[in-house]
Amino acid sequence: MNLLQKALNDYIALRRSLGFQLRIPATCLRSFVAFLEREGASHITTELALHWATQPATAQPSTWTGRLGMVRRFAAWYQALEPRTEIPPPGILRDRYRRKTPYIYQDEEIERLLCQAQRLPSSKGLRANTFTTLFGLLAVTGMRVNEALGLDRQDVDLDLGILHIRRTKFGKSRYVPVHPSTVNALKKYATVRDRIFPTLSTSAFFLSERNRPITEWMARYTFAKLSQQIGLRASAKGHGRGPRIHDMRHRFAAYTLINWYRAGLDVERELPKLATYLGHVHVNDTYWYLEAVPELLRLATERLMENREALT
């Protein structure tokens, strides 16, 4: 292990001790250090950082900017250990990440997706049950996919109808109450799972047919392929482009807000409840839906005009 690799391991360990998960940055930075080794570089330079960050050439400029930002933060820390380290100045790549416009699934699309999941080939009879239940849970709770996959059996209280989310994006636990119909679906899945695998080999709630936890890659890949099969994604090589699994979360948030507006509730007052349920650190992350979803923006505007007319 060379000095750069050791320094990177120390950097990742330090950041994680402060509460950062660094799943993607850790992978990217290891790729960057490997790139420096192939180039025969003994220290970080702006030229090499820029060369690495702008790969692949087909990526979005915002992706390049994000990759360079990871290197910049690492270089700023590493410079104290290696004075020759060059910190890429800000502004070299100006494109910043822009949140993608959410795709709001229709009920009919969710139904078709779950029906297609039930047709997944399954030697033991569990695969179809696992992904149908998992994707259904994402649709009705708005959980992040890694949160659902991080559920252990002890986190799923089927008597009280409460999920304990411990492996969150920002390291904060929360409790998520679910509808009785959701509880019934989870109970049915647990019954099938335990019949197929009566011997406990892992605490994970969702299992593969190998009696192992479902990985996030496996869930995203399966979702993408099912979406292609029902026409939601282009049938191109690989995953294709189109609605993402994370858009299930957007759908839940948007539908909740739309229903509140239609019910005449004070959305401004209710919004922090949704933010807490979704695990947003800042309520501003929840406000984003008001401008990202056209129908929500229209309803918010109508409510504003009604309030103004009431005051005149």
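**Figure 1. Proline 56 sits in the loop between H3 and H4.** Helices (H or I, at least four residues) and strands (E, at least two) are DSSP runs, numbered from the N terminus. The peptide bond between glutamine 55 and proline 56 is cis, with omega at about -10°. The model is predicted: local features need pLDDT of at least 70, side-chain atom pairs count only at pLDDT 80 or more, and totals for chains, interfaces and linings use all residues. Residues are numbered from 1 along each chain as its sequence is written, and side-chain values use heavy atoms, with hydrogens and water left out.

**Figure 2. Helix H4 and its cover.** H4 takes in residues 61-78, 18 residues in total. From first C-alpha to last it reaches 26 Å, close to the 26 Å expected at 1.5 Å a residue. The expected span is 1.5 Å times one less than the number of residues. Which residues of H4 are buried? They are Ser62, Thr65, Arg67, Leu68, Gly69, Met70, Val71, Phe74, Ala75 and Tyr78. Buried means under 20% relative accessible area, exposed over 50%, and partly exposed in between (1.4 Å probe, protein chains only). Helix H1 (3-17), helix H2 (23-38) and helix H3 (46-53) are among the elements that cover these buried residues. An α-helix has 3.6 residues a turn, so residues three or four places apart point the same way.

**Figure 3. Three strands form an open antiparallel sheet in the order E1-E2-E3.** The edge strands are E1 and E3, each pairing on one side only. Two strands pair if DSSP finds at least two bridges between them. Strands of a sheet pair through backbone hydrogen bonds, either parallel or antiparallel. E1 (residues 156-157) is joined to E2 by two bridges. Here aspartate 157 stands opposite isoleucine 162. Four residues lie between the strands of the E1 and E2 hairpin, where glycine 161 takes a positive phi near 70°. On the other pairing, four bridges join E2 to E3 (residues 174-177). Histidine 164 stands opposite tyrosine 175, and leucine 163 opposite valine 176.

Figure 4. A pocket, on a 1 Å grid over the protein atoms alone, is an open set of points with protein on both sides within 12 Å along at least five of seven lines; lining residues have an atom within 4 Å of a point. Grid points are joined across faces, edges and corners, and a volume is the space filled by probe spheres set on the points. The second largest pocket has 16 lining residues. Nearest its centre lie Thr132, Thr133, Gly136, Ala185 and Leu186. Helix H6 (127-141) and helix H8 (180-196) each supply at least two lining residues. H8 gives the largest share, eight residues. By class, the lining has seven nonpolar, eight polar and one charged residues. Ala, Val, Leu, Ile, Met, Phe, Trp, Tyr, Cys and Pro count as nonpolar, Asp, Glu, Lys and Arg as charged, and the others, Gly among them, as polar.

**Figure 5. The structure holds one cavity of 30 Å³ or more.** A cavity is a set of grid points where a 1.4 Å probe fits but cannot get out. The largest cavity has a volume of about 40 Å³. What lines the largest cavity? Leu138, Met143, Arg144, Val145, Ile245, His246 and Arg249 do. These lining residues divide into four nonpolar, one polar and two charged.

**Figure 6. Asparagine 211 lies in the loop between H8 and helix H9 (216-229).** Asparagine 211 has a positive phi of about 65°, although it is not a glycine. Is this residue buried or exposed? Asparagine 211 is buried, with a relative accessible area of 15%.

**Figure 7. Helix H10 is mostly covered.** H10 spans residues 247-262 and has 16 residues. From its first C-alpha to its last it reaches 22 Å, close to the 22 Å expected at 1.5 Å a residue. Of its 16 residues, 13 are buried. Just after H10, glycine 264 takes a positive phi of about 80°.

Key:
Contact means heavy atoms within 4.5 Å.
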